[in-house]
Amino acid sequence: MQLEMDFNQGKHVVVSLSGGMDSSTLLLKAIKDYNGNVTALSFNYGQKHVVELERAQSLVDYLNASGYNIKYRQIKLDGLVDLLNSALVEGGEDVPEGHYEEENMKATVVPNRNKIFASITQAVALSVATSTKEKTDIALGIHAGDHAIYPDCRQEWRDADDHAFRMGNWDSELVGYYTPYLETDKFGILQDGQELCDYLEIEFNEVYKRTNTSYKPIQHNSVWFSDYKSASSVERIEAFLKLGLPDPVEYADETGPVSWEVAKTHVENVLASHNN
């Protein structure tokens, strides 16, 4: 059962914005549901796919140019990079390929990542709340598609984290949780994103080309492309296939840029193999 605070929405919200598809859609939803009273935070923790921070900045710039006033900050945590054991950070093992549910995808877990992000987001939200005297929520893009691999994307973790926050802070009753996709998969998030773009009168392709889901981005001629073989990319492409639309992100492999048809066909083959 979700916490009651989800249904007692605050006036302000602080969004943890990775630059990926899920948190970018969450940002759109926050703009709609909080009437534009939105702060967004991104974190540089030494991730290999640091291009996601460029995409997050680009998306915020696009939204602000479209009339939405988002306060945005990127926070440097890259001093942690050589202390974290994960395939996702610089110096870690190779990011695995294949279907997202496979056992080897646990190599992409970053120890305590969402707890670190949530703690900083809570600190900012509590500061907004105590300065404005108005209830403020923290927003995380955790979703059901990640439950099997990432324990810190589950309801139990969210509730325990919230409990710890309330035990450790005065005025914590002013801060709530906003996790609208906790029981939704990536396809459901993308469907919501399509509706949100219509509602906010912004271009779907302009939004999602400014996102990065690839854990193994590839650089060609100083331009960053998404890979189409890592598990995170496979899951994203699967969502676009279900939606029936091409992904506006540009894809590449070790040979250079590839067409959407190449990326699409590869993922269709991965899915067929996984389902057999």
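This dialogue goes through a few features of the structure above and how to read them.

Me: What kind of model is this, and how are residues numbered?

Reply: The model is predicted, so local features need pLDDT of at least 70 and side-chain atom pairs count only at pLDDT 80 or more, while totals for chains, interfaces and linings use all residues. Residues are numbered from 1 along each chain as its sequence is written, and side-chain values use heavy atoms, with hydrogens and water left out.

Me: Where does strand E1 lie, and is it buried or exposed?

Reply: Helices (H or I, at least four residues) and strands (E, at least two) are DSSP runs, numbered from the N terminus. Buried means under 20% relative accessible area and exposed over 50%, with partly exposed in between (1.4 Å probe, protein chains only). Strand E1 covers residues 12-16, and five of its five residues are buried, so E1 is largely enclosed by the rest of the structure.

Me: Which way do the side chains of E1 point?

Reply: In a regular strand, side chains alternate between the two faces of the sheet. Here His 12, Val 14 and Ser 16 point one way from E1, Val 13 and Val 15 point the other way, and all are buried.

Me: Which strands does E1 pair with?

Reply: Two strands pair if DSSP finds at least two bridges between them. E1 runs parallel to E4, joined by four bridges, and parallel to strand E2 (residues 38-44), also by four bridges. Val 14 has Ile 138 as its bridge partner in E4 and Thr 39 in E2. From E1 the chain crosses through helix H1 (residues 21-33) to E2, a right-handed β-α-β crossover. Right-handed means that, with the strands pointing away from the viewer, the path from the first strand over the helix to the second runs clockwise.

Me: Which residues other than glycine have a positive phi?

Reply: Most residues other than glycine have a negative phi. Lys 133 is one case with a positive value, near 65°; Lys 133 sits in the loop between helix H3 (113-132) and strand E4 (136-139) and is exposed at 67% relative accessible area. Glu 201 is another, with phi of about 60°. Glu 201 lies in the loop between helix H5 (186-200) and helix H6 (204-208) and is exposed at 74%.

Me: How many disulfides are there?

Reply: A disulfide is a covalent bond between the sulfur atoms of two cysteines. The rule used here is a pair of cysteine sulfur atoms within 2.5 Å, and the count is zero. As for individual cysteines, Cys 153 is buried at 5% relative accessibility and Cys 197 is buried at 1%.
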